[in-house]
Amino acid sequence: MNETLPPCPECSSELTYEMGSLLVCPLCAHEWAPVSAEDAEPSGPAVITDAFGTVLADGDTVTVIKDLKVKGSSSVIKVGTKVRGIRLVDGVGDHDIDCKVEGVGSMQLKSSLVKKV
């Protein structure tokens, strides 16, 4: 067997083989086209939106839409807290906003928990 072929997306079997331009799983008979490295990567920069679908950009001001507990602290960021001058980053997990929250300090937020002002 060829070690470079991906496992079956249906049953996760490692026994996949090539048949022409398709990949085939002998266990579940699933056939699919292989995805090349160029096709798998996004075509441009990722668009980051707030909780309501508005596109965010560096330097925007956002408002927190939900009380947020600060990990490792007893403080809470309340609903309606304005955060000025955000910076969009490729953070840990889905934390894609780097900012400074007044009274808390520097931190990363999820874009799904803010609304653009």
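Read along the sequence, the protein chain follows the pattern β-β-β-α-β-β-β-β-β-β-β-β, which comes to one helix and 11 strands; helices (H or I, at least four residues) and strands (E, at least two) are DSSP runs numbered from the N terminus. The model is predicted: local features need pLDDT of at least 70, side-chain atom pairs count only at pLDDT 80 or more, and totals for chains, interfaces and linings use all residues. Residues are numbered from 1 along each chain as its sequence is written, and side-chain values use heavy atoms, with hydrogens and water left out.

**Chain totals**

- Of the 117 residues of the protein chain, 25% count as buried, where buried means under 20% relative accessible area, exposed over 50%, and partly exposed in between (1.4 Å probe, protein chains only).
- The protein chain has an accessible surface of about 8,100 Å², and carbon and sulfur atoms account for 52% of this surface; the areas come from the Shrake-Rupley method with a 1.4 Å probe, and for residues only the protein chains shown count as cover.
- Among contacts (heavy atoms within 4.5 Å) between residues at least 6 apart in sequence, 33% join residues at least 24 apart.

**Sheets**

- An open sheet of three strands has the order β1-β2-β3, with antiparallel pairing; two strands pair if DSSP finds at least two bridges between them.
- In this sheet the edge strands are β1 (17-19) and β3 (31-32), each of which pairs on one side only.
- Strand β2 (residues 22-24) is joined to β1 by three bridges, and Leu22 in β2 is the bridge partner of Met19.
- Another open sheet holds three strands in the order β7-β4-β11, again with antiparallel pairing.
- β7 (82-83) and β11 (114-116) stand at its edges with a single partner strand each, so one side of each lacks a neighbour in the sheet.
- Two bridges join β4 (residues 62-64) to β7, where Val83 is the bridge partner of Val62.

- Asp50 is found in the loop between α1 (37-40) and β4.
- Asp50 is buried yet has no salt bridge, and the nearest side chain of opposite charge, Lys115, is 7.4 Å away; Lys and Arg count as positive and Asp and Glu as negative, while His and the chain ends are not counted.
- The side chain of Asp50 reaches the backbone nitrogen of Gly53 at 3.0 Å, and a polar atom of the Asp50 side chain lies 2.9 Å from the backbone nitrogen of Lys116.
- Not counting residues up to four places away in sequence, Asp50 touches Leu56, Ser111, Val114, Lys115 and Lys116.

**Salt bridges**

- The count comes to three salt bridges, each defined as a side-chain nitrogen of Lys or Arg within 4 Å of a carboxyl oxygen of Asp or Glu.
- Lys116 forms a salt bridge with Asp60, with the closest N and O atoms 3.5 Å apart; the pair links strand β11 to the loop between α1 and β4, 56 residues apart.
- Lys116 is partly exposed at 31% relative accessibility, whereas Asp60 is buried at 14%.
- Arg87 forms a salt bridge with Asp98, with the closest N and O atoms 2.2 Å apart; Arg87 lies in strand β8 (residues 87-88) and Asp98 in strand β9 (residues 95-101), 11 residues apart.
- Arg87 is partly exposed, with a relative accessible area of 45%, whereas Asp98 is buried, with 16%.
- Lys110 forms a salt bridge with Asp94, with the closest N and O atoms 3.8 Å apart; Lys110 lies in strand β10 (residues 105-110) and Asp94 in the loop between β8 and β9, so the pair ties together parts that are 16 residues apart in sequence.

Note on methods
A polar contact is a pair of N or O atoms within 3.5 Å; within protein, one must be able to donate a hydrogen and the other to accept it, and residues adjacent in sequence count only if both atoms are side-chain atoms.
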